[in-house]
4 protein chains.
Amino acid sequence: MNRTIDLNCDLGESFGAYRMGDDAGVLPFVTSANVACGAHAGDPSVMRRTVAAALEHGVAIGAHPGFPDLAGFGRREIRISPQEAYDLVLYQVGALAAFAVAAGTSLRHVKPHGALYNMACADAALAEPIARAVRDLDAGLILFGLPGSELQRAAEGAGLRFAREAFADRGYASDGSLVRRGTPGAMIEDPDEAVRRAVEIAVEGRTRTADGSELRLEADTLCIHGDRPDAALFARTLREGLERSGVRVAAPQSGG
Amino acid sequence: MNRTIDLNCDLGESFGAYRMGDDAGVLPFVTSANVACGAHAGDPSVMRRTVAAALEHGVAIGAHPGFPDLAGFGRREIRISPQEAYDLVLYQVGALAAFAVAAGTSLRHVKPHGALYNMACADAALAEPIARAVRDLDAGLILFGLPGSELQRAAEGAGLRFAREAFADRGYASDGSLVRRGTPGAMIEDPDEAVRRAVEIAVEGRTRTADGSELRLEADTLCIHGDRPDAALFARTLREGLERSGVRVAAPQSGG
Amino acid sequence: MNRTIDLNCDLGESFGAYRMGDDAGVLPFVTSANVACGAHAGDPSVMRRTVAAALEHGVAIGAHPGFPDLAGFGRREIRISPQEAYDLVLYQVGALAAFAVAAGTSLRHVKPHGALYNMACADAALAEPIARAVRDLDAGLILFGLPGSELQRAAEGAGLRFAREAFADRGYASDGSLVRRGTPGAMIEDPDEAVRRAVEIAVEGRTRTADGSELRLEADTLCIHGDRPDAALFARTLREGLERSGVRVAAPQSGG
Amino acid sequence: MNRTIDLNCDLGESFGAYRMGDDAGVLPFVTSANVACGAHAGDPSVMRRTVAAALEHGVAIGAHPGFPDLAGFGRREIRISPQEAYDLVLYQVGALAAFAVAAGTSLRHVKPHGALYNMACADAALAEPIARAVRDLDAGLILFGLPGSELQRAAEGAGLRFAREAFADRGYASDGSLVRRGTPGAMIEDPDEAVRRAVEIAVEGRTRTADGSELRLEADTLCIHGDRPDAALFARTLREGLERSGVRVAAPQSGG
């Protein structure tokens, strides 16, 4: 057994005087940082500090573009055109890329945020321009998204590497979708249970759904929610659990 | 006589449904486009279109970062820290750079906008981080600013090429500063008079001040205000007048 | 024959240095002004000036709350919760009401803008909190919306007066909905044709649909699009045409 | 001895998903709530909830208008015109007033926030339009500010009641100004010392400055900083200390 998996986490979601998440607590345990780009969260100063902190911990840096809706934290669906999707992703990824360059590094991946992620996974008309924006900026960037989603198809169509993302702390339905937040079984609160599931995903490429059936689930990266109250402990437990099970935890390698 | 001068203009200042300036009318006559970066003006879609239009006309593309104050169009002074100045300039220039890269080109220069320009010309504590942000992103970029200003000193300190900017349609005081808008002599409304002054600046490196004295004024680039009602005609008149006087009109060459 | 109808127009949609619409040209001919409230368009200074201009022309002043999406001019659907709808409408109407009070007058009506209008007309879950927000601020305010829409039902449920709105320059489908913009027959460009239709709506309470059938259409207010290039002339033609046909043009009276 | 003093605190400074301050912890102990109005902090939903919470605790509700600079939390000076100051204050106070009305209550006071407060206290050209905006909306509102400031003069000139504000947890210079944050003696960290000072201000109308001299300081209201880590405990200690010393703690009465 020789599986490798990435642990990614949304970081840099503070804004001005507002603090969000426990970036310092999580960074020692994850391997990919999805850094907010000033639209749904983050601001230029937070971006600079987050890039510096990720770099210090050897964590791969990625852009986390979202809807320009700070009030809704990028979680509200906004009906934008494909061209607008292209433009807002290119803008945000470019802005973060500048902080990476200034820090002497470069971006490794892009993961759309919140409602934009969900909409792009389900809608080719959004997924395609997003993948194209990423490719037009840097064809070596890796796009993160749900396995089998429109985002995966668009990434492949654009010639981008794609990292299939799974969630250790979220319940799955038998069609591979996530159980909607607020529904029983949506969140896996118990860290030990989450570790067990993460190992199963990483090692065996499958998970158990909320209704008890088995789901094939091959993943390259596992998402940790940084806004859990116990995010740092959860990240540490997950990483140690994976490594104890012989899984190597590492960021995906650039396709560039 | 073999003088060369650049004609620069602020472009891409529309926002969403709002139109500003006559970009299409001005682009055939200028050689450098200062493109708004989504803070004081512009949005991602406007940025993409402006980069494409400048590219089509062979006009050098530069970033025009400003205060994040759309309501004030970047013209209101905001007391930011040097670190904030670094961060907001890096963010905005990076965002525009992405559109340039996606269009197969790259940025040539950076010119701070409005109140940020004025404050940085006068205050080393702002000029220095701005120059450093530009340098940290791309040491080949040219910084635009007033001759003899703190911005010039900062550019030189950072090892950046600096383009000294003069204004053909603004009156000068004897200390080399611009006559404040709203004061008699602040604006040169007559295009022919502006051409005469532009040629004098380009060819002889001097101008006549509002109080009639002579001012030494060596410039590498002349600014055209795109929000004049007659901006396109003014640009054309100025360009033709300069060329008729034997001045070559061309964008400054990258220091990279 | 003794019909009365209101002519309403969206006004005060400028923002900062950006100009939108021909408010001064339209105001002499309309009877109700829907004033943008600083979310999809407008800013505090524009609001003050628009209230003053409407007051000067004896035009009834109403609030025109929209999505907080200046970049999309309030035309992009945003999936907000009913509670968020309540809050954003109350906020915006309250802000405009302050300018009315300071000018010695008061608001007469509220008309949701753009995507919020369309969504609320179709969705009771949005219409209800919008009507409630208006009622909680001032039960004498009149709500504007499509006849037979959820907005009408919600207004009546909240005990508000409702003004049924029709469009003289838009084509109707046989189910009473508007022909989608961009489709043939969506816009009535010819002012004379629009006048003919406006009179038919005002006097006979019916119109002819895009496919030639007759549609019952009783309306209390007709909307004029202020962003037509010929908005002022159109407004004048419409008003004169209505009055020539014996229709009285006047704002609806408060239910208070 | 029969002194009365108000305890005021900035509340409702959360925004969207971002939490700020311990409103629930502080509300039981203060008598006036300065509620952010959606510009420097707060959003429509936060405003509604804050008004409801203040009402439940019998705390007087006031508006806390600030610069439209969420990124800078209203703490950065922005050079606005007097007319812009009038407009932004009227807008924000009006928006909050709507939530008060909808909750069946009304506003009691207005206290400018952050840099706007500091600038208006020192500059008559800003203080005057702010006082006028408040008066034009509701002449019964009480304006809060530094004793002897331009804000006091402007309030009196506009015929508004004025509440003189003092700070129990800030050091004073001998000219009555606050010791600048970051300077030794700027903050009184020890709650017991702050209580001692508060009682001295409330009962004897004087305080001891950072350099040991005595300063005459008559105050109607004491500000508690809600962003102290121990804000709730501090508020409780202060209130209990004042009451134990025979000071009645109560909101100022409307001038209306």
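Which residue of chain C forms a salt bridge with Arg76(A)? The partner is Glu84(C), and the closest N and O atoms of the pair are 3.1 Å apart; a salt bridge here is a side-chain nitrogen of Lys or Arg within 4 Å of a carboxyl oxygen of Asp or Glu. This is a predicted model, in which local features need pLDDT of at least 70 and side-chain atom pairs count only at pLDDT 80 or more, while totals for chains, interfaces and linings use all residues. Residues are numbered from 1 along each chain as its sequence is written, chains are lettered from A in the order in which they are written, and side-chain values use heavy atoms, without hydrogens and water.

Across the interface of chain C and chain A, the rule finds 2 salt bridges. Chain C gives 6 residues to this contact and chain A gives 6 residues, contact meaning heavy atoms within 4.5 Å. About 680 Å² is buried between the two chains, with 53% from carbon and sulfur atoms; buried area is the accessible area (1.4 Å probe) lost when two parts are put together, summed over both.

The same surface serves both copies, as 100% of the contact residues of chain B recur in chain A.
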